[in-house]
Amino acid sequence: MKPTLAAALAGVAACLLVAPAEGQAPERLSADPAITAMVRDASQRIGGAAAALGYDKHVVFLRAIAIESAAPRGLGTMSRIGVARLDAALVRSAGLTRDDVAWVVAHEFAHFILDHGARRALVAQAHDGGTPERSAANRAFELEADRLGLRLARAAGYAFDPQGFFSRLRGGRLAGDTSNHPADALRIEAMQAAARGPG
Ligand SMILES: [Zn+2]
């Protein structure tokens, strides 16, 4: 019997989950029914929206799962093979809504669609590992993923509110920029501007 694509992808994800890279904290699939359902739903709907917007060749690979990790690396992360992981403990503690979760999935999918993994490696190579150039590129990639993520989430029928999301995530106090991420205020402003119209 020919294995289905879904079964093959499930196998890939399981491999990653049982065999984390060296030095990486162990993680497992979340058993939280509410969060698992939100992530599964978002994965399907955002994937559908991405296909409808012409990103169908990427959608074959895209999938989102909820995980529990001994040492969370972030709210959402994207692997090289298109599997987005959402940290269930962080979703729970911030009290994120289904629209928030959907946008995080869409943001991670956008990193894959926009080929940020490979582009990040090229920047590092071009600048001989130069830290300022890498940080600038990372921040630019985040804004790109924010904007495409917003577009995908809205196309999938989610009502994402950037201001409310960052406020919930940070417990009411927005964060400034870091080596990898622009300041929350800039991200909110860029998404609000993108939502208002083209340009
Ligand atoms: Zn990101």
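**A sheet and a helix face**

Four strands form an open sheet in the order 1-2-4-3, with mixed pairing; two strands count as paired if DSSP finds at least two bridges between them. Strands (E, at least two residues) and helices (H or I, at least four) are DSSP runs numbered from the N terminus. Strand 1 (27-29) and strand 3 (76-78) are the edge strands, each pairing on one side only. From one strand to the next, the twist averages 35 degrees.

This is a predicted model, in which local features need pLDDT of at least 70 and side-chain atom pairs count only at pLDDT 80 or more, while totals for chains, interfaces and linings use all residues. Residues are numbered from 1 along each chain as its sequence is written.

Strand 3 pairs with strand 4 (residues 83-87) in the antiparallel sense, over three bridges. Methionine 78 stands opposite alanine 84 in strand 4. Helix 2 (residues 33-52) packs on the sheet, where it touches strand 2 (63-69) and strand 4; contact requires C-beta atoms, placed from the backbone, within 7 Å. The direction of helix 2 makes about 155 degrees with that of strand 2. Axes are lines fitted to C-alpha atoms, for helices over the stretch in contact, and angles between N-to-C directions run from 0 to 180 degrees.

Attention now turns to helix 8. In helix 8 (residues 162-170), the buried residues are Pro162, Phe165, Phe166 and Leu169. Seen down the helix axis, these residues fall within an arc of 90 degrees, so they line one face of helix 8. A residue is buried if 20 or more other C-beta atoms lie within 10 Å of its own, exposed if 12 or fewer, and partly exposed in between, with C-beta atoms placed from the backbone; the arc is that of the directions from the helix axis to the C-beta atoms. The buried residues of helix 8 pack against helix 4 (88-94), helix 5 (98-113) and helix 9 (184-196). Just after helix 8, glycine 171 takes a positive phi of about 65 degrees.

Conventions
Contact = placed C-beta atoms within 7 Å.
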